[in-house]
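Here are my notes on the model you sent over.

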Amino acid sequence: MEDKGLSTNMRRILLVINCLILAVGICGGPLMMRLYYVEGGSRVWLSSWLQTAGWPLTLIPLAILYFYRRKVEGSNAKFYFITPRIFIASFVIGVVTGLDDFLYSWGGSKLPVSTSSLLLAAQLAFTSVGAFFIVKLKFTPYSINAVILLTVGAVLLGVRSNGDRPEGVTSKAYILGFMTTLLAAALYGVILPCIELIYLKAKQVITATLVLEIQMVMCFAATAFCTVGMIANNDFQAMSREAKQFNLGEARYYTVIVWTSIIWQRFFVGVIGVIYCSSSLMSGVMIAVLLPVTEVLAVVFFRENFSGEKGLALFLSLWGFVSYFYGEFRQTKKQKNKSPQIEMKTTHTESV
């Protein structure tokens with residue numbers, strides 16, 4: 001990926017920060033969505049809408065960055081960096097993200113939470129394929145090993161989990177939910193490399209401000225798409241009625257709604273941040289490796305059984321995680337060793 005104007009150390013610091021933000025989103029988002037459905041929620045379009053409805057929160061860091069630029073550059077500081085070309089591309093990807101949110105929410109309403117592992121497993125595989133064809137990502141033996149281990153671990157959780165078909169869900173709806181979940185995985189596996197492609201084709205320095213602007217446009221477009229669905233399905237009118245019937249009470253219904261949107265927003269900020277600092281494959285790896293953490297949290301908060309399959313999946317995921325980063329470490333070290341040799345050759349050529 002092109003130079004983004006950041007030093008290597010700063011990029012690593014930002015990568016760690018974005019990984020932490022992504023961890024909160026990917027672990028908390030599915031749990032909050034499950035809490036909504038378990039306690040009586042049933043509006044699929046609302047659940048989809050909440051995944052990106054927190055986009056206005058992005059205005060806070062954007063405002064901070066703008067005032068910082070004003071302080072450093074004075075009145076010449078630019079208010080925004082996104083170009084019409086990048087805006088259109090981000091908006092289109094955002095609409096597709098809205099569709100993906102709906103597919104994910106619909107599948108989540110018909111399937112037990114354990115099958116979300118199938119979504120994440122397939123998503124990593126699709127992201128790998130998408131990154132290979134869309135951004136010409138080069139694989140190493142370590143990254144291939146990581147993809148295989150993380151995919152096997154996640155699939156193991158889905159196939160060998162103890163979660164049965166939810167009560168009241170027919171076999172036809174269950175199968176359709178399963179297919180919808182896999183379709184959502186495939187779609188998001190293409191979305192991640194497309195975001196990376198925007199960075200590569202931007203023809204301008206990719207700054208933190210531009211990354212946040214792209215993320216905000218994407219989430220706004222996805223929210224607009226889901227808003228149309230909510231209006232068509234009368235979800236806004238049904239919210240007050242659903243709140244009164246919510247098992248945890250009306251006040252906690254709105255608390256769940258608000259915190260769901262906040263946590264999911266962290267997921268989207270973290271995803272594009274990791275792509276900005278590393279690659280779309282790295283985002284897919286982070287999502288997959290955090291799957292066992294989500295399962296452990298489900299055991300803690302929803303009192304699910306921690307089976308041997310979950311323990312094995314945790315081991316495979318951690319192994320894949322270590323394999324990926326060890327490969328990245330070796331690659332970075334190899335590039336550093338080559339740099340002095342290249343400089344010496346250049347100096348020798350110039351002297352001759």
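1. A quick word on terms: helices here are DSSP runs of H or I with at least four residues, strands are runs of E with at least two, and both are numbered from the N terminus. Please keep in mind that this is a predicted model. With those terms, the chain has 13 helices and zero strands. Read from the N terminus on, the order of elements is α-α-α-α-α-α-α-α-α-α-α-α-α.

2. Next, the chain as a whole. It has 352 residues, and 49% of them are buried. The accessible surface is about 17,800 Å², with 66% of that belonging to carbon and sulfur atoms. If you take contacts between residues at least 6 apart in sequence, 86% of them join residues at least 24 apart.

3. How many residues does the largest nonpolar core have? The number is 70, and the residues with the most contacts inside this core are L46, I195, Y199, Y253, F267 and V271. Helix α10 (residues 250–277) is the element that gives the most to the core, with 13 residues.

4. Not counting residues up to four places away in sequence, L103 touches T180, L183, A184 and L187. L103 and W45 are 58 residues apart along the chain, and their C-alpha atoms are separated by 9.7 Å.

5. The structure holds 17 aromatic pairs. Ring pairs join Y36, Y37, F246, Y253 and Y254 into a cluster. Y253 is also one of the residues with the most contacts inside the largest nonpolar core.

6. Now for charges. Side chains of opposite charge can pair when their charged atoms come close. Searching the whole structure turns up one salt bridge. Which residues meet in it? They are D235 and R43, with 2.8 Å from N to O. The two partners come from distant parts of the chain, 192 residues apart: D235 belongs to helix α9 (residues 235–245), and R43 to the loop between α1 (8–38) and α2 (44–50). D235 has 0% relative accessibility, so this residue counts as buried.

7. On the surface, please look at the nonpolar patch formed by F87, I88, F91, V92 and F220, which together have about 450 Å² of accessible area. Helix α4 (residues 84–110) gives the most to the patch, with four residues. F91 has its place in helix α4, and its relative accessibility of 31% means that F91 counts as partly exposed.

8. Finally, two backbone angles to check by eye. Most residues other than glycine have a negative phi. K203 has a positive phi, near 60°, and lies in the loop between α7 (171–200) and α8 (208–232). Is K203 buried or exposed? At 76% relative accessibility, K203 counts as exposed. N234 also has a positive phi near 60°, and its place is in the loop between α8 and α9. With 41% relative accessibility, N234 counts as partly exposed.

Terms used. Residues are numbered from 1 along each chain as its sequence is written. This is a predicted model: local features need pLDDT of at least 70, side-chain atom pairs count only at pLDDT 80 or more; totals for chains, interfaces and linings use all residues. Side-chain values use heavy atoms; hydrogens and water are left out. A salt bridge is a side-chain nitrogen of Lys or Arg within 4 Å of a carboxyl oxygen of Asp or Glu. Buried means under 20% relative accessible area, exposed over 50%, partly exposed in between (1.4 Å probe, protein chains only). Patches are made of residues with over 30% relative accessible area and no salt bridge: like charges are joined within 9 Å, nonpolar side chains (Val, Leu, Ile, Met, Phe, Trp, Tyr) within 5 Å. Accessible areas come from the Shrake-Rupley method with a 1.4 Å probe; for residues, only the protein chains shown count as cover. A nonpolar core is a set of buried Ala, Val, Leu, Ile, Met, Phe, Trp, Tyr and Cys residues joined through side-chain atoms within 4.5 Å. Rings of Phe, Tyr and Trp (its six-membered ring) pair if their centres lie within 6.5 Å; planes under 30 degrees apart count as stacked, over 60 as edge-to-face and the rest as tilted. Contact means heavy atoms within 4.5 Å.
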